[in-house]
Amino acid sequence: MKPKFKNKYNNEEIKAALKEESFGKCMYCDTFVKVITYGHVEHIKPKSSHPHLAYDWENLGWSCQTCNVKKGSKEILNPYIDDLEEILEPKFTCMYEDEPENVEVINFISTLDLNRPDLVINRVQDCSNFERKLKRIKTILNGTDTNLKYYIEALNQESNVDQQYYIFKRYTLDIYLKAQDIDVENFVS
């Protein structure tokens, strides 16, 4: 790589655009980047094996320092293409399934160490707040509160893709609503 191009992708405008595109979250661990570490411009396909993609917008992402370093020059699933919500298997413990059947998923989880202690602690704290709100649904159902529709809409918004750990929140919300036999279609506009 020519020296004058070496850090061209590393300017503040590009970082800001990537951060905005990913809602300020690491494309891999789904944590708001400033919570864990500093943000990095990530090359989805490594520069070492794909130098022709070093400045290709489709090959750039926003990542926390920890995931970027752990990934290194390995090729793993691309969160912008691969539907992580579909292929990662969350647990109520705010950890990912240790032994999914898909080898690419196993590689993704182990390479990035997505069940590392600091990450699990942050997910547990964030998702515990969400679960407390979920339990309020049962109170609303048992009472005469007419705000259930708005409450479920708020929980749906809190488990949108722009929210930290949305995969865990969406999983928990779906399981809870099924267990309570609540049809979301009746409540979400």
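Phe108 is buried, with a relative accessible area of 0%. Here, buried means under 20% relative accessible area, exposed means over 50%, and partly exposed is what lies in between, using a 1.4 Å probe and protein chains only. You'll find Phe108 in helix H5, residues 103–112. Tyr28 sits 80 residues away from Phe108 along the chain, yet the C-alpha atoms of the two are separated by 8.8 Å.

A word on what you're looking at: this is a predicted model, where local features need pLDDT of at least 70 and side-chain atom pairs count only at pLDDT 80 or more, while totals for chains, interfaces and linings use all residues. Residues are numbered from 1 along each chain as its sequence is written, and side-chain values use heavy atoms, with hydrogens and water left out.

## The overall layout

The chain has 8 helices and 2 strands. Both kinds of element are DSSP runs numbered from the N terminus: helices are H or I with at least four residues, strands are E with at least two. Starting at the N terminus, the order reads α-α-β-β-α-α-α-α-α-α. Out of 189 residues, 43% count as buried.

Leu18 is buried, at a relative accessible area of 0%, whereas Glu20 counts as exposed because its relative accessibility is 65%. Leu18 and Glu42 are 24 residues apart along the chain, and their C-alpha atoms are separated by 9.4 Å.

## Salt bridges

How many salt bridges are there? The count comes to 8, taking a salt bridge as a side-chain nitrogen of Lys or Arg within 4 Å of a carboxyl oxygen of Asp or Glu. One of them pairs Glu42 with Lys71 at 3.0 Å, N to O. Glu42 lies in strand E1 (residues 39–43) and Lys71 in helix H3 (residues 65–71), so this pair ties together parts that are 29 residues apart in sequence. Both Glu42 and Lys71 are buried.

Lys25 and Asp30 form another salt bridge, at 2.7 Å from N to O. Lys25 is buried at 4% relative accessible area, and Asp30 is buried at 9%. Then there's Asp118 with Arg116, at 3.5 Å, N to O. In that pair, Asp118 is partly exposed at 35% relative accessibility, while Arg116 is buried at 4%.

## Helix H8

Helix H8 takes up residues 166–179, and its 14 residues should span 20 Å at 1.5 Å a residue; the end C-alpha atoms are 20 Å apart, which agrees. (The expected span is 1.5 Å times one less than the number of residues.) Buried residues in H8 include Tyr166, Phe168, Leu173 and Tyr176. Just after H8 comes Asp181, which takes a positive phi of about 55 degrees.
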